[in-house]
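Subject: Structure handover

Hi,

Here is the structure you asked for. My notes on it follow below.

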Amino acid sequence: MTALPHEGGPRGHVLVVDDELSMREYLEILLVREGYAVTSVPGVEPARAVLEKDQVDLVISDMKLGPAGSGLDVLRAARSRKEPPEVVLITAFGTPSSAVEAMREGAYDYICKPFDNEELRLLVHKALEKRALRQENSTLKARLLPGLGGLLVGTSPRMRALWQLVEKVAPGRSTVLVTGESGTGKELVARAVHLRGHRAAQPFLPFNCAALNEGVLESELFGHMRGAFTGATHERPGLLVSAGEGTVMLDEVGEMPLSTQVKLLRVLQERKVKPVGSAAEIPFQARVIAATNRRLEAEVKAGRFREDLFYRLNVITLELPPLRERPEDIPPLATHFLSRLSEELGRPGLRFAPETLALMERYAFPGNVRQLQNMVERAATLSDSDVLGPGTLPPSVRGEAEPQARAGDGEPVLGQGFNLERHLDDHERRHLLAALKQAQGVKTRAAELLGLSFRSFRYRLAKHGLTDELDEPGGTRAG
């Protein structure tokens, strides 16, 4: 039986396999209400037929399917497909051993009967999210041109040397450390390493080590057992296990707490993880790529990063040069971003005036490639003409003084070429810099000075390419 959502398009196709009609109907109702297209069948053979005929994104199967087979048979049929769906298994409470074995064979996760509806909804969402990431990786791989030109633009000598090194390290399994200032494209380089190797069809899972507190960080990376902490309603594998033979990128690894660094070192040495609340270790196959915008040698000397972990991560280093050190890459990068924007905006005639490109090439770009991309997006969005002249660039790029407010009655001076959006952006940037300077680089204090939440403050820093502005060696970086 196939059920479709009542409104809008389906969010994914789910195949339900259970020999009990009541359970099939129950899951159909629950999943259709969530917006999924659902096909339900009673056993292994009908499940194989659906997998061969239709595009299935997720399989939810009971482990026990009567005398004609089991959930393991459904799992193997699903995993044999060219683009295999994720598989979640339903098992009886207290007997998860067979489900754990199934996870070793490639199942995404399992859930015990009786289960909570919200628990199942979250599990389905996470499983489909993982499949979407894997499909995105495959799409990116297909778009790559020789030399990675389709993913990363840059023909300067330093970038060509970097691409050559990426090609050399991609086929291996060694840990890679990607370094570079904020906004230089470290995640893109990590993706390139993943996509140019034999792991390209497997998941690429980026993870921000600075985004979570210590306990949640370890649970996400290493997994946890049922009941390990409040809210741990069932056992869950961490990212390192869930990635299978794919790649896990540990972004902002320099922000990881020292206590977690100790555990990560052991994990990388032993190639095994110990889930939170477990006494047993689970092997993992994923490749680890770490990334940081900090100088880890200096962090080691300051006692903020373990020396032994640094040497373990620093097997192969890919260093991304800042944009100001490769100005010849600025015009092709800007043109590349504008080409993509012209398609999105439906304005195929968008192009830069030569003097605009010349101004950008001379600018230092403290926010690197991310700042350049934001600058191009703003210019294309706000320009009424298809030719983006120097006036579409911020005053600082044009070498002009920032507009000053007129003393007296407080009314601003408006004239030809005034742009409110650009004016407000420039003022916001200046206030962010002033707050950072006054707070001596302590971002939590700078956020307080501006009356912003820390999350909002970090968002605005990233928007203006100021993520690393005024970070003092002894300052406190929150988040």
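Arg 48 is partly exposed, with a relative accessible area of 30%. On this scale, buried means under 20% relative accessible area, exposed means over 50%, and partly exposed lies in between (1.4 Å probe, protein chains only). Glu 45 counts as exposed, at 51%. The side chains of Arg 48 and Glu 45 meet in a salt bridge (2.4 Å, N to O). A salt bridge here is a side-chain nitrogen of Lys or Arg within 4 Å of a carboxyl oxygen of Asp or Glu. Both residues lie in helix 2 (residues 44-53), 3 residues apart, about one turn of the helix. Helices (H or I, at least four residues) and strands (E, at least two) are DSSP runs, numbered from the N terminus.

Some background on the model. It is predicted: local features need pLDDT of at least 70, side-chain atom pairs count only at pLDDT 80 or more, and totals for chains, interfaces and linings use all residues. Residues are numbered from 1 along each chain as its sequence is written, and side-chain values use heavy atoms, with hydrogens and water left out.

More on salt bridges. The count comes to 21. Glu 281 pairs with Arg 266, the closest N and O atoms being 3.5 Å apart. This pair links distant parts of the chain: Glu 281 sits in the loop between strand 12 and strand 13 (282-283), Arg 266 in helix 10, 15 residues apart. Glu 281 is partly exposed at 32%. Arg 266 is partly exposed at 46%. Arg 326 bridges to Asp 329, with 2.9 Å between the closest N and O atoms. Both Arg 326 and Asp 329 are buried. Bridges with shared partners also join Glu 255, Arg 294, Glu 299 and Arg 304 into one network.

Next, the backbone. Glu 252 has a positive phi of about 50°, although it is not a glycine. Glu 252 is in the loop between strand 11 (247-251) and helix 10 (258-270), and is buried at 13%. Arg 271 has a positive phi of about 55° and is not a glycine either. Arg 271 lies in the loop between helix 10 and strand 12 (272-273). Its relative accessibility is 17%, so it counts as buried. The peptide bond from Lys 113 to Pro 114 is cis, with omega near -10°. Pro 114 lies in the loop between strand 6 (109-113) and helix 5 (117-143).

Last, Arg 236. It lies in strand 10 (residues 236-237).

Best wishes
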